[in-house]
Amino acid sequence: MDGFSDNMKEDIRNIQIKCIEILNIVDQICRKHHIQYSLCGGSVVGAHLYQGYLPWDDDVDLYMPRSDWEKFVEICRTELP
């Protein structure tokens, strides 16, 4: 991450850690309710090239079929921590 200050690198890393925590919750809900999803966009590129995040990325990109998305939204109303 050339050009980024140490503070910015630390901020991005903290965001990435929080995103992984959120992704783990999403994954648990999806597994429990048989909801399909997959990583897409920069999340796939980071997983492939870095076995994790792109060093500068600060989000998670997911794809979910529309019917599963609607089911996920309903379930989250009661199951999100």
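These are my notebook entries on a predicted model of one protein chain.

**Ground rules.** I number residues from 1 along each chain as its sequence is written, and I use heavy atoms for side-chain values, leaving out hydrogens and water. Because the model is predicted, I require pLDDT of at least 70 for local features and count side-chain atom pairs only at pLDDT 80 or more, while totals for chains, interfaces and linings use all residues.

**Overall layout.** I looked up the secondary structure first. The chain has 3 helices and 2 strands, in the order α-β-α-β-α from the N terminus. Helices (H or I, at least four residues) and strands (E, at least two) are DSSP runs, numbered from the N terminus. I noted a C-alpha trace spanning about 40 × 25 × 15 Å along its principal axes.

**Surface and burial.** The chain exposes about 5900 Å², and carbon and sulfur atoms supply 54% of that area. Accessible areas come from the Shrake-Rupley method with a 1.4 Å probe; for residues, only the protein chains shown count as cover. Of the 81 residues, 26% are buried. I take buried as under 20% relative accessible area, exposed as over 50%, and partly exposed as in between (1.4 Å probe, protein chains only).

**Contacts.** I count a contact when heavy atoms lie within 4.5 Å. Among contacts with a separation of 6 or more, 60% join residues 24 or more positions apart.

**Isoleucine 35.** I found isoleucine 35 in the loop between helix 1 and strand 1 (38–39). Its relative accessibility is 6%, so isoleucine 35 counts as buried. Leaving aside neighbours within four places in sequence, isoleucine 35 is in contact with Cys30, Met64, Asp68, Lys71, Phe72 and Ile75. I also checked proline 65, which is 30 residues from isoleucine 35 along the chain; their C-alpha atoms are separated by 8.9 Å.

**Charges.** I counted 8 positive and 14 negative side chains, with the centres of the two sets 8 Å apart. Lys and Arg count as positive and Asp and Glu as negative, while His and the chain ends are not counted. I place each charge at NZ of Lys, CZ of Arg, CG of Asp or CD of Glu.

**Salt bridges.** My rule is a side-chain nitrogen of Lys or Arg within 4 Å of a carboxyl oxygen of Asp or Glu.

- Glutamate 21 and lysine 18 meet at 2.9 Å, N to O. Both lie in helix 1 (residues 6–32), 3 residues apart, about one turn of the helix. Glutamate 21 is partly exposed at 39%, and lysine 18 is partly exposed at 46%.
- Arginine 31 and aspartate 27 meet at 2.7 Å, N to O. They are separated by about one helical turn because they are 4 residues apart in helix 1. Arginine 31 is exposed at 62% relative accessibility, whereas aspartate 27 is buried at 18%.
- Glutamate 74 pairs with arginine 77, with the closest N and O atoms 3.0 Å apart. They sit 3 residues apart in helix 3 (residues 66–79), so about one helical turn separates them. Arginine 77 is exposed, at 61%.

**Nonpolar patch.** I found Val45, Leu49, Tyr50 and Trp56 forming a nonpolar surface patch with about 420 Å² of accessible area together. Patches are made of residues with over 30% relative accessible area and no salt bridge; like charges are joined within 9 Å and nonpolar side chains (Val, Leu, Ile, Met, Phe, Trp, Tyr) within 5 Å. Leucine 49 is in helix 2 (residues 41–50), and its relative accessibility of 53% makes leucine 49 exposed.
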